[in-house]
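Here are my notes on the model you sent over. Have the structure open while you go through them.

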Amino acid sequence: MINIQNLSFGYNRNKMLYENLSLSLEAGSIYGLLGKNGAGKSTLLCNMMGLLFPVSGKIEVVKHNPQKRQPSFLQNVYFIPEEVAIPSISIHTYLKLYAPFYPKFNEHQFYEYLKELEVPSDQKLHKMSFGQQKKAIIAFGLACNTQVFIMDEPTNGLDIPSKSQFRKLVAAALTEERLFIISTHQVRDLDNLIDQIIIIDESEVLLKASITNINEKLCFKTVAELDENVLYAEDSLKGKTVVAANVMSEDSKINMEHLFNAVITNPNRMKEIFK
Amino acid sequence: MNNTFNFRRFGLLLRKTIYEKGLFLGGIFVLVIVPILFVYKQATQITTSQSLSFIIGLFSITIIVNILLNNFSKKSIAASYLTLPCSNFEKWLSISVFAFLLYLPLFLAVLKVIDILFLDYYRELAVTKFHYSAKQIEANFPHITYNFDEKDNSKLIMPFTKFMANFFGLGGVSVVGSLYFNQKSYLKSALIFLGLFVAFSFLGDLLFSFIIGEKVTVSGVFNFTEAVVSDENKKTYPINAAESIENLVKYFMMIFIPMALWLIGLVRFSDKEL
């Protein structure tokens, strides 16, 4: 559904942010795009949306070149940037003005999502708190039923109950035809939500793997002693919490934060494990 | 699906713009009308009021276009605008429709009403208070209202055709400026335009003096067909370009350049990034 081939992009031609990046994302998955601040997550998403143009390489999203920003492409993708644009109108007016642009928009779903996220539907958008505004836009984006739904740091500004509500709604909205990409640096927010992880750092994709694949190849546990299989370790009350190569085929629950740190600190070993 | 133009989509875009920016644009329109009323109220010469009103109208189109395209100062607003499912052509056309099919007729209609009312009032005053004779009335108020035919308005600094060309041109300058500059686009475009204005007023004289070999004063900025030549004895001679050249330059300045600016705006819409 999204194909990126040899993408090179830089805000300055002398200093490229990405060089020859290739990535392929399939429908029916929720991808978590993880990276440190300034790693280029938003830039990559903006390239996918046709908001920034690559210096070289090819991007194809739902069989379109995003750079052309054709209506047939734009009505099949929805993008929520980190800071949302809120016009000075009510939710009802927002619905009236924006929903007709999206042919698969479902008004009933929209009000259901608002209810689930506890956003009052009779308020003016600009008079809401930042978190409420963001939730209203997330509800709208989900109700658009676009094939691709891209969210840049969607959980920023959301309170704890809303974060868990958000995870529930996104998981429920996923179908075989849809693809969600959620970028964040708050990796814990995506716990139990994503089924594919992409970790980028220093202009490079360090890891792209499914949760199943990660479970097969890595194990997350607490140990007393470190051995050569350990990729990352952190002191804890019970000993050392580690991410290690899963040589014994153990079952464990992925700790996103530890996985992220393991990939960032040991990129070459990770690449070897996942090649 | 037509990815270039669709009536329904275009209608939705116009509706969205009216909802979101209508109140602001209406406020600007009122702010434009107030100085026009003031200019008519303080009139010593009705032709001066008419010219000044047109100049205010020119100033207002730059503000109107800037408000319509004020979508790039914040990344979130720019992302929302650029990813709205409409073609670049529709977005560009909506600005043109607002400028030429909505704002311009409305401005001219209101100006016409103001002109009729004030002229009527001044005529009335001339007869009842100052006891003008029919001849004086005819001399001072040759028309019931402002006439859009240029030949009847030779006294105006800003005749209607010149107003229209400048309206088209300044609108184009604002479109290009708003699309090239994300921050403080109005100020930056105004500075560039002012810079060009100053450069042309100095460079025009210098360039023609260099070509002709005598001191030349060009008659007005962006005027390439009329000049005054001064010889060594400080005697002056007005010179004009041939009529065919004059027409060519006139059409180039009044039609080609404004049109080119609007088309650059359309191209820029396609190239626009965050």
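1. Starting in chain B, and bearing in mind that this is a predicted model: helix H2 (residues 46-68) of chain B packs against helix H4 (residues 88-128) of chain B, with the axes 11 Å apart and an angle of about 155 degrees between them. Since angles over 145 degrees count that way, this makes H2(B) roughly antiparallel to H4(B). The crossing of H2(B) past H4(B) is right-handed.

2. Who makes that contact? On the H2(B) side, look for B:Ile46, B:Gln50, B:Ser53, B:Gly57, B:Ile61, B:Ile64, B:Val65 and B:Leu68. H4(B) brings residues including B:Phe98, B:Tyr103, B:Phe107, B:Leu111 and B:Asp115. Sorted by class, the contact of H2(B) with H4(B) has 13 nonpolar, three polar and one charged residues.

3. Now the chain-chain contact: 22 residues of chain B are in contact with 23 residues of chain A. Helix H1 (7-41) and helix H3 (75-82) of chain B each give at least two residues to the side of chain B that touches chain A. That side of chain B splits into ten nonpolar, six polar and six charged residues.

4. Over in chain A, have a look at helix H1 (residues 41-49). Nine of its nine residues are buried, so H1 of chain A is largely enclosed by the rest of the structure. The buried residues of H1(A) include A:Lys41 at one end of the numbering and A:Met49 at the other, with A:Cys46 and A:Asn47 also among them.

Note on methods. Residues numbered from 1 in each chain as written. Chains lettered and ligands numbered in written order. Predicted model: local features only at pLDDT ≥ 70, side-chain atom pairs only at ≥ 80, totals over all residues. Contact = placed C-beta atoms within 7 Å. Helix = DSSP H or I, 4+ residues; strand = E, 2+ residues; numbered from the N terminus. Nonpolar A, V, L, I, M, F, W, Y, C, P; charged D, E, K, R; others polar. Axes fitted to C-alpha atoms, helices over the stretch in contact; angles between N-to-C directions. Parallel < 35°, antiparallel > 145°, perpendicular 65-115°, else oblique. Left-handed = near helix turned anticlockwise from the far one by under 90°. Buried ≥ 20, exposed ≤ 12 C-beta atoms within 10 Å, placed from the backbone.
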